[in-house]
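Have a look at it below, and then we'll walk through it together.

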Amino acid sequence: MPPIIDSHMGMPGGAPGGGTIPLATLIDYIVQRTYHELTVLSELLPRKTDMERKVEIVQFASRTRQLFIRLLALVKWASSATKVDKCSEICSFLENQSMWFVETADMLAKMARETLVNARLPTFSLPCAIDVLTLGTYPRLPSCIRDKIVPPDAITSAEKRQTLQRLTQVIQYRLVATDLPQQMRKLKVENGRVKFHVEHEFEATLTLMGDSPKIPWRLLDISLLVEDPETGGV
């Protein structure tokens, strides 16, 4: 006997009261149910009277007619199912948006009741605002920013002369305090430099980078004066 699908049982592929089911599966269920009821009716009618058989037949025909009318309405409605699906998607989207709005309102209310209660604004910097509004600039930046970004101003000619004079004094003091070899005592100090001249050997120009006695000499220039006695070339 073909299987029976009760109208109160959940259809495969969907939960009771919702979900979807293929139209072909639904038609198959209706045909099987009608065949089952017709088979049962054919087995029970011979045991009943003529009037009871007529009543059972009319009831079966009425139930089957109503069932197939509903199936026909469903088949006609299925032609516009795409529009219904689109409307369903729109409704689902609007429900999601409504849920987000509700959650946002709840979070804002929670923030206002719990988080913002202890929130405090920082102290406003009135001197900075006054400088910007009145002068159009902000002169209170730390000087270390300027020292690292802006190159220092070039020294003046008077400062250069003063510096070279001071450096010359430091070099002279270093030479006096140093025991120089006899060959290097022919020297000349000027413009913050000392030039040693050793005949037939070399001529070197040195300077100092500070006034500390531990600062070593810095060689600026050297010329070799060694010559070949036969050719006279260097």
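Predicted model: local features only at pLDDT ≥ 70, side-chain atom pairs only at ≥ 80, totals over all residues.

**The strands**

Let's begin with strand 3, which covers residues 202–207. Strand 3 pairs with strand 4 (residues 218–224) in the antiparallel sense, over six bridges. Pick out Glu203, and you'll find that its bridge partner in strand 4 is Ser223. Strand 3 also has strand 2 as an antiparallel partner, this time over five bridges. There, Phe196 stands opposite Ala204 of strand 3.

Strand 2 in turn pairs with strand 1 (residues 187–190), again in the antiparallel sense and over four bridges. Here Glu190 stands opposite Arg193, which sits in strand 2.

| Strands | Sense | Bridges |
|---|---|---|
| Strand 1 and strand 2 | antiparallel | four |
| Strand 2 and strand 3 | antiparallel | five |
| Strand 3 and strand 4 | antiparallel | six |

Now for the turns. Strand 1 and strand 2 make a hairpin with two residues between them, and Asn191 in that turn has a positive phi of about 55°. The hairpin of strand 2 and strand 3 has three residues between the strands, and there His200 takes a positive phi near 65°.

**A closer look at His197**

His197 belongs to strand 2. Leaving aside neighbours within four places in sequence, His197 touches Gln183, Lys186, Phe202, Glu203 and Leu225. One of these, Glu203, also has a polar contact of 3.0 Å with His197, side chain to side chain. That's the Glu203 whose bridge partner is Ser223 in strand 4. For a sense of spacing, the C-alpha atoms of His197 and Ile222 are 9.9 Å apart, with 25 residues separating the two along the chain.

**Over to the helices**

Thr168 lies in helix 6, which spans residues 157–176. At 14% relative accessibility, Thr168 counts as buried. Which residues does Thr168 contact, leaving aside its neighbours within four places in sequence? They are Val189, Glu190, Asn191 and Gly192.

Helix 2 takes in residues 50–78, and Ala78 is part of it. Ala78 is partly exposed, with a relative accessible area of 31%.

**Rings and sulfurs**

How many aromatic pairs are there? The count comes to zero. There is a charge over a ring, though: Arg174 lies over the face of Trp217, at 5.6 Å from the ring centre.

Disulfides also come to zero. Cys87 is partly exposed, with a relative accessible area of 46%. Cys144 counts as partly exposed as well, at 43% relative accessibility.

Methods: Residues numbered from 1 in each chain as written. Heavy atoms only, no water. Phe/Tyr/Trp six-rings, centres within 6.5 Å; stacked < 30°, edge-to-face > 60°. Lys NZ or Arg CZ within 6 Å of the ring centre and 35° of its normal. Disulfide = S-S within 2.5 Å. Buried < 20%, exposed > 50% of the residue type's maximum accessible area, 1.4 Å probe, protein only. Pairing = 2+ DSSP bridges. Contact = heavy atoms within 4.5 Å. Polar contact = N/O pair within 3.5 Å; in protein donor to acceptor, adjacent residues only side chain to side chain.
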